[in-house]
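Please read the sequence alongside the coordinates before following the account below.

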Amino acid sequence: MKTNLQTREATLPERAEGTRDRRIVAPRADIHENGDVITLWADMPGVDEAHVNITLDKDVLTIQGTSVEDELTNHAVSYREYAERDFRRSFSLSSEIDRTKISATVRDGVLKLVLPKSEPAKARRIEVKAG
Amino acid sequence: MFWEDVSGQGRMWAPWQDLERLQDELNRVFTGLREPSAPSFPAVNIWTNQEGAVVRAEVPGIDATKIDISVMGNAVTINGRRDAAELKQGETYHRRERVCGLFTRTVEVPFRVDPKKVSAEYKRGVLSIMLPRAEEEMPKKINVRAS
């Protein structure tokens, strides 16, 4: 039995390692649904629109981002809690998402994905007439 | 929980659901490393040189005008809030993992800061606070004379 969430986390066939010495982490995400649209927000601090990559392979949607920290000239890092890293996470989409209408924006280090449902998946109101 | 309430039909023993959930959890654990929680929010990096420091904090998706920065001596405090999206009627959350609510963080730099010269910028979800060192604490060069 599977849960009835429309956006489930996908299980990647293998854990691929990056070639560069950076950590790959799954960004924290909020997923929110109203009747027609599923919206996903993922926290990717340090990522701008040029460093984000979204792919859809069959039912698996993968979001990927590379965080960049600008080097400061004549400064040295004296204390560090975070480092440049790659964000990556995959979700499997249910058939009701319209693949052609997925849109994405990046603002202030947050990736926002809008996943509209295709027409037949939208709830239809069926009128009941008195017989 | 080993007991599932099935549509008012009383309680049914459903251990397989828990096993499947466990399997899902394990899959998720081995799929990739989750972004670890920072010891405190927001995570900061501090860059320094002789003239000052730059404190950088990862605070994605907030309104930069609502960030409150205060400086006292050698301590810098960042106050702010991150709002979660308000749910309207008929809307539901599938996942809520992002940090939200009020946050405050105080960090110390190794010297006193001139509060009048502090500036800040917000870019790509990262807040940078430029903290010039107080004039009277600037290092003085001492010449060594050969006798």
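A polar contact is a pair of N or O atoms within 3.5 Å, where within protein one atom must be able to donate a hydrogen and the other to accept it, and where residues adjacent in sequence count only if both atoms are side-chain atoms. This is a predicted model, in which local features need pLDDT of at least 70 and side-chain atom pairs count only at pLDDT 80 or more, whereas totals for chains, interfaces and linings use all residues. Residues are numbered from 1 along each chain as its sequence is written, chains are lettered from A and ligands numbered from 1 in the order in which they are written, and side-chain values use heavy atoms, with hydrogens and water left out.

A polar contact of 3.5 Å links the side chain of A:T66 to that of A:D86. A:T66 belongs to strand β6 (residues 60–66) of chain A; helices (H or I, at least four residues) and strands (E, at least two) are DSSP runs, numbered from the N terminus. Setting aside neighbours within four places in sequence, the residues in contact with A:T66 are A:R20, A:R22, A:G46, A:V47, A:H51, A:R85 and A:D86, contact meaning heavy atoms within 4.5 Å.

Strands of a sheet pair through backbone hydrogen bonds, either parallel or antiparallel. Here two strands are taken to pair if DSSP finds at least two bridges between them. An open sheet of 5 strands has the order β9(A)-β10(A)-β4(A)-β3(A)-β8(B), with antiparallel pairing. Its edge strands, each pairing on one side only, are β9 (103–107) of chain A and β8 (92–96) of chain B. Within this sheet, β4 (residues 37–43) and β10 (residues 110–116) of chain A are joined in the antiparallel sense by 7 bridges, and A:L40 stands opposite A:L113 in β10(A).

What pairs with β5(B)? Strand β4 (residues 44–49) of chain B pairs with β5(B) in the antiparallel sense over 6 bridges, forming a hairpin with 2 residues between the two strands, and B:N45 stands opposite B:R56. Strand β11 (residues 126–132) of chain B also runs antiparallel to β5(B), joined by 7 bridges, with B:L127 as the bridge partner of B:A57.
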